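Subject: Structure handover

Hello,

Here is the structure I promised to pass on. Please have it open while you read, as my notes follow below.

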Amino acid sequence: MLTNSSVVTHQDGPTIVALGGGHGLATTLRAARYYAQSITGIVSVGDDGGSSGRLRAEFGVTPPGDLRRCLSALADDTTLLARSLEHRFEDGTLNGHPIGNLLLIGLAFAADDLQAAIDEVGRLVGAAGRVFPASEVPVTLIADSDQGTLAGQVTIERATGIGNLRFDPLNAPSPAEAIKAVSEAEQIVIGPGSLYTSVLACALMPDIRAALAETTAQRVFVANVANEKGDARGFGLREHVEALIDHGLVVDVVLAGDATADAQLEIPGLPPIVTADVAGEDGWSHDPSKLGAILGQLFDQNR
């Protein structure tokens with residue numbers, strides 16, 4: 001497996017934007033480094049658990065955790081700082097906080113500008129692309145469920161029967177540069193990740209959803225390798241794609257792993273589904289090199 005330092009962007013590759021959050025978006029960004037010329041990650045910022053939730057509650061800041069993961073995915077890991085972003089303190093008042101979270105929040109306070117902090121960390125770690133939050137302010141996720149209306153990422157992740165995802169504030173703006181990146185992209189990759197609390201939590205931001213509707217880029221939805229965990233537990237491939245459509249998102253092609261596609265290759269009313277071996281050794285996540293190879297092929301076939 002290639003390291004981050006040995007995976008470089010390709011001058012003849014596409015300009016891509018990846019949307020989502022958590023480990024799934026970080027994996028897509030690593031995959032993009034195998035074939036893309038220009039890479040932009042746009043990250044959901046509705047997290048209210050773990051270190052991010054603690055920092056958000058204490059300081060009222062945009063949760064930094066998924067931003068940090070994406071910077072790590074794009075970083076040159078030959079540098080000490082890049083290798084240290086994911087290091088977590090294990091005791092004391094900082095117990096559970098990764099260095100990268102504290103660095104991002106500290107720089108954001110010092111500059112009074114979160115995007116400046118993200119860009120500076122990206123510069124320091126030699127990031128192979130740019131990272132933007134999906135909204136300029138922290139948002140709270142709200143959804144309907146079997147238990148009624150729920151608020152907060154952690155609460156929604158633990159519930160069943162999720163639908164009608166929305167935000168508070170309702171019309172939180174997205175960074176103008178992020179929207180510009182979507183409008184200029186040649187390929188947009190949505191997912192993988194937790195359907196409601198990562199994927200839709202990013203793609204449904206009003207400015208992003210509008211840009212996705214207008215883009216001429218190839219829009220690829222990357223389905224999860226396995227769906228037994230998280231807010232869409234029990235969902236099959238069809239239910240995932242239908243949830244996108246129900247929330248007003250249109251994609252041009254769905255990329256599914258062999259194990260999740262089953263017999264759902266031709267479903268009336270749904271976009272084309274391409275299957276491939278993209279699973280990592282753990283059986284739950286994607287292998288970045290496999291994913292990058294297939295995404296590159298999908299782009300080439302669409303030229």
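Two strands count as paired if DSSP finds at least two bridges between them. Strands (E, at least two residues) and helices (H or I, at least four) are DSSP runs, numbered from the N terminus. Before the findings, a word on the source: this is a predicted model, in which local features need pLDDT of at least 70 and side-chain atom pairs count only at pLDDT 80 or more, while totals for chains, interfaces and linings use all residues. Residues are numbered from 1 along each chain as its sequence is written, and side-chain values use heavy atoms, with hydrogens and water left out.

Let me start with strand β8. Strand β7 (residues 187-190) pairs with β8 in the parallel sense, over four bridges. Within that pairing, Q187 has Q218 in β8 as its bridge partner. β8 also pairs with strand β9 (residues 253-257), again in the parallel sense, here over three bridges. There V220 stands opposite V253 in β9.

For burial I use relative accessible area: buried is under 20%, exposed is over 50%, and partly exposed is in between (1.4 Å probe, protein chains only). Five of the five residues of β8 (residues 218-222) are buried, so the strand is largely enclosed by the rest of the structure. Q218, V220 and V222 point one way from β8, R219 and F221 point the other way, and all are buried.

Next, the nonpolar cores, meaning sets of buried Ala, Val, Leu, Ile, Met, Phe, Trp, Tyr and Cys residues joined through side-chain atoms within 4.5 Å. The largest has 47 residues, and those touching the most other members are L19, I42, I188, I208, L212 and F221. Helix α9 (residues 195-203) gives the most to this core, with seven residues. Leaving out residues up to four places away in sequence, I188 has contacts (heavy atoms within 4.5 Å) that include V17, L19, V182 and L212, as well as Q218, R219 and V220. Another core, of 35 residues, lies apart from the largest one, and its members include A31, C70, L255 and A276.

Now for the charged pairs. Side chains of opposite charge can pair when their charged atoms come close. I call it a salt bridge when a side-chain nitrogen of Lys or Arg is within 4 Å of a carboxyl oxygen of Asp or Glu. The count by this rule is 11 salt bridges.

Which residue forms a salt bridge with R130? The partner is D119, with the closest N and O atoms 2.6 Å apart. This pair links distant parts of the chain, 11 residues apart: R130 is in strand β3 (residues 130-133) and D119 in helix α6 (residues 114-124). R130 is partly exposed at 31% relative accessibility, and D119 is partly exposed at 28%. A network of salt bridges links D119, R130 and E177.

R123 and E120 also form a salt bridge, their closest N and O atoms being 2.6 Å apart. Both are in helix α6, where three residues separate them by about one helical turn. R123 is exposed at 55%, whereas E120 is partly exposed at 29%.

Finally, D144 and R166 meet in a salt bridge of 3.2 Å, N to O. D144 lies in strand β4 (residues 140-145) and R166 in strand β6 (residues 163-168), so the pair ties together parts 22 residues apart in sequence. D144 is partly exposed at 28%, and R166 is partly exposed at 24%.

Best wishes
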